[in-house]
Each structure stands twice: as structure tokens, then as C-alpha cells.
Amino acid sequence: MSARSEPGPRASAFTGTRHLVRLILRRDRIVLPIWILPLALLPASYASAYAGLYPTAAERAEYLAGTASNPSIVALLGPVYGDSIGALTVQRAGLFAAVAALASVLTVVRHTRTEEEAGRRELLGASVLGRYAGLTAALLVTYAANVLLGLLIAGGLAAAGLPGAGSLLFGAGVALTGIAFATVGGLAAQLTQSAGGARGIGLGVLGLAFALRLGGDAGGSGGAGGSAEWLSWISPLGWAPRGRAFADERWSVLLLPVLFSAAVALVAYPVSVRRDVGAGVLPPRLGPAAGALAGPFGLAWRLHRGQLLGWTVGFGLLGLVLGGAADAAGDAVQGNEQIAELLARLGGSSTLAEAYLGSTLSLTALAAAGYGIQAALRARAEETAGRAEPLLATAVSRSRWLAAHLLFALLGPVVVLAVTGAATGLSYGLSVGDVGGEVPRMLGVGLAQVPAAWVLAGLAALLVGWLPRFSWAAWAVLAGCLLLGQIGAILDLSQWVLDISPFTHTPQVLTNNWTATPLVALTALTTLLLALSLRTFHTRDVPTP
């Protein structure tokens, strides 16, 4: 392992940053617009849709009381502060900050740790390149992408007729959230030796932030918050909504992501120059390659077990929060027939608390699909790092090696969703005095989400086997499913458009008339995708990085 090269006496620590920025922009000239433009254009379309659907203040007030303030929507999207077009638009676009954060983490890791893993960073470091150039270039490009996103969002909302101050505040909140998690990705890239590990750390922080924000907002209604609202204040995803765009704007809240980014950067930069190129602060543990760790499946268990444990613990805590808030959520909307009808449709139960749980548990399938994608793409990370080729040169077959990673892409969502459902049932059962009855019921709700999550994991596996250079597109599909659900809810899209997402087909198991046919169909589709993945991987080259 070569030590990090130092710039010459006349070179600064940032020498070469401008050239690296140009290189990143050229390489990402297609990827960056793919996630910037949809996120930038959709808020304005939401505003136009709300203006057409609810043109009068009375209609908006009725919508706020009947839909926008119900606990399941507040838990997912965040609080709403008022019944203006702007306030309703901001809530509906509440998940956009999380999508920008996800894209930011992946972008920074791809241009830092992935470059080192592939050996390109060491090659560039042999030239006149400053110590901070690589990390700074990746952060600058991602920061600029988020600033552009924020400006486009603000401009679109202002063009749709919304007040300029609120438009700018909302755009700034989304941009600063993305910047905060870009910095998290920069730090994560210094901690581990593999790009997969860095993505795992970054996405783990994002998942924890989302769980805290969801738990803090779960009992809130109409922006009033609840006893657990403090959880949202310690989550980077909870800061932007509390700027209260289009209400009583609180610009000072934007200082929180700025200070957070600065604090993380102050840790990331010193660490980046105190380690060798290709190494991480957290060194990989060595062998033994015998006993339980022998063979491709034992190795895969060693590589995946840490992330699987982290996701399981995090979602178990999330389930406890959701179950504990269910009773309060049901009481908060008791007597409102419109909310009762909505929750019954979303959650599959006429009981408000159970309908709330059904609707919120269905959202965890998207996050569980994220774990499945991450696990499937770990095989690609091992390949690009050059660790797959030596193994495949032995008696280990390609199918066994890839299947070992795909096993965790399937097993992970099952474990995560099962633990979430069981924890939710335990917490809710304790509140209603029926633990024995609620745990298996909520466990069933959680497991019903598994086949939909499997489909995206299977798609990621197919990309690894067939089009490995485009394996990142699995994350784009996940973001598309998330956005499609939001667009469909507000724009009343045709059913065939909604059916593109596998999550649309998950049955509501709390009802008595559900059928297992969609679950069987989704599982069959996953099986086909995995079979194609193994087949295509068996016939393509495994190049040396």
C-alpha cells in the first residue's frame, strides 16, 4: 500500500481541485440531471394541482382537517403549518429532502471511496494533487448540485404564484439537507476500506435520521407536534420542515444543517489525510477463512452481518415508536369520518389505530427495499475492488459466489420487516392489553410487504449480472417508486401508471377479503429476475479493475 503523496512545496492542499471538479461533472453529466430535474419540477406541479383542486380557503381548510393533518400522512411527509397552497405543497414534497440526501450520499461516495477502491485515486495522487483535492472536488460538485436544486425548486414555486420568501426557504431547506448528507458521505468514505461499507454507513445515518423524524412526527397533527417531537429536532431530516415555509418563516432553523455540515467536515478532512490511500479508519478484520466463515456463503455472512444487524436494530426501534403512537394517533382523529375513510383505505382496517399502523408499516417496505438493493450491489462492490476475481479463479463457481450475496438481498428485507412488524405489535399490544394477539397480526402486516421489496432487490441483482455499469439505476428505480406514490396521491394518475410500482400490489392483510395472488406474482417476478441475474453473470466478463 503506498502512502499518500504530498504536493510539492509550491502546491497547496487543494491543488488540482478544479480539474477534478471538471472530471466529475463530465462523468456525471447524465446522472446529475436525472435526480435534480424531477425533484426540481415536481413541487411546482404539486402547487398547480392544489390550486386547481382546492381553489378556495374553505376547501383547503377541509382538506387540511380531513387529510393533510392525519397522523399517518404527518408521520410520512412531516408536519403541515396552515392550509395555504404553499403549506400544503411543502408537506406533499416533504420526502424530497430525503431523496436529495440519498442522492448526495451516493454521489460523494462514488467519487471518493469508489475511486480509491478502483485504484484511480492512487494514480491521480501520484501527480501534483493536493491532500484535500479529492474530497473537496466531490463535495463541491454535490454541494453545487444541491444549491442548483434548491434554486430551481424556489424558482418553480415562485413561477407557480407562491410567495417568494416561502419558496426560497423551502428550496434552501432541501438544498441544505442534501449538503448535510453529502458531508456525511464524505466522512463515511474515510471510515471504511470499501465503497459498499461507506454507502452502508451513509445510508445507515440517513435511515436513522428518517426513523427519528418519523417517530417525532408520528403523533403530531396539523403541525402541532406531540410529546415525541423532540426526536424530529435531533434528526437532520426534521430541520427543513420546521423552517415553516409559507407560514411564520423561521430562517434561523437553516443554521442547524449548516452547523451540522461544518462539524462533520471538521472531522472528515483531518481523517482524509491521516490514512493511506485505499485504507480506512476502521480496518477490516482478518480471517480465519475456515469453519463457519469458509466458502462463499460464510464470506458473505461476514460482509453483510454488520449492516443487517444495524438495519434490524434501527427498524426494531422504529416499530416500537410506531406501535406506541398508534393509540394517540387514533384518538387524535376520532370522530372525523373523512380521515377514518382514508385510513381504512390506506391501512386496510376500519379501526383508526390499526389503520394507522397498516398505512405506516407499508412505508417501511421502501426502506427495506433499500437494504435489499444495497446487499445486491455489494457483489458489484466486491467485483470492482478486485476481490471477486481471485475467488472466482479458485473452485468457487460464479453462481455460488453471486448467490451468496443475493441470499442476503432476500433475507435482509424479511428480517427487517419481520422485526419491525413484531416490535410494532409488541408496543401496540402493550398499550391495548393484547400482546399475544397484536404481535402475530402486525408481524403478518410486515411480512406482506416483503415480495414488493424483493422485486427491487431482484432488479438490482439483474443489473449486477447484466449491466454492471448501470447498477446505480436500482437506486433511481427506488426513488421513482417513492415519487410515483406521491405523484399518484395528488395528481390522481391512472391505475396502470401506479401499477408500475410493485408496492401498489401489496394486499391489505388487515382486511378479511385479501388474496395472496399479488404476493405470489411478485415472488415469481423476483425469481425470474434472480435467475436472469445468475445467468447473465455466468456469461459476462469479470474485468480486473
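Visitor: How much space lies in the largest cavity?
Guide: The model is a predicted one, and the structure it describes holds six cavities of 30 Å³ or more. For the largest cavity, the space comes to about 540 Å³.

Visitor: Which residues lie nearest the centre of the largest cavity?
Guide: The elements that give two or more residues to the lining of this cavity are α6 (96–110), α11 (195–217), α14 (295–332), α16 (352–384) and α21 (473–491). The lining comprises 25 residues, and those nearest the centre are L206, F210, L366, A367 and L482.

Visitor: How many residues in the lining of the largest cavity are nonpolar?
Guide: When the lining is divided by class, no charged residues are found in it and four residues are polar. The nonpolar residues in that lining number 21.

Visitor: Are α9 and α10 roughly parallel or roughly antiparallel to each other?
Guide: Two packed helices are described by the angle between their axes and by the distance between those axes. Helix α9 (residues 133–159) packs with helix α10 (residues 164–191) at an angle of about 160°, the axes being 8 Å apart. Angles over 145 degrees count as roughly antiparallel, and the relation of α9 to α10 is therefore roughly antiparallel.

Visitor: How many residues of the contact of α9 with α10 are charged?
Guide: In a right-handed crossing, α9 passes α10, and the contact is made by residues including L135, L139, Y143 and I153 of α9 and F170, G171, V174 and I179 of α10. By class, the residues of this contact divide into 15 nonpolar and nine polar, while the number of charged residues is none.

Methods
Residues are numbered from 1 along each chain as its sequence is written. This is a predicted model: local features need pLDDT of at least 70, side-chain atom pairs count only at pLDDT 80 or more; totals for chains, interfaces and linings use all residues. Side-chain values use heavy atoms; hydrogens and water are left out. Axes are lines fitted to C-alpha atoms, for helices over the stretch in contact, and angles run from 0 to 180 degrees between N-to-C directions. Helices (H or I, at least four residues) and strands (E, at least two) are DSSP runs, numbered from the N terminus. Angles under 35 degrees count as roughly parallel, over 145 as roughly antiparallel, 65 to 115 as roughly perpendicular and the rest as oblique. A crossing is left-handed if the near helix is turned anticlockwise from the far one by less than a right angle, and right-handed if clockwise. Contact means heavy atoms within 4.5 Å. Ala, Val, Leu, Ile, Met, Phe, Trp, Tyr, Cys and Pro count as nonpolar, Asp, Glu, Lys and Arg as charged, and the others, Gly among them, as polar. On a 1 Å grid over the protein atoms alone, a cavity is a set of points where a 1.4 Å probe fits but cannot get out, and a pocket is an open set with protein on both sides within 12 Å along at least five of seven lines; lining residues have an atom within 4 Å of a point. Grid points are joined across faces, edges and corners, and a volume is the space filled by probe spheres set on the points.
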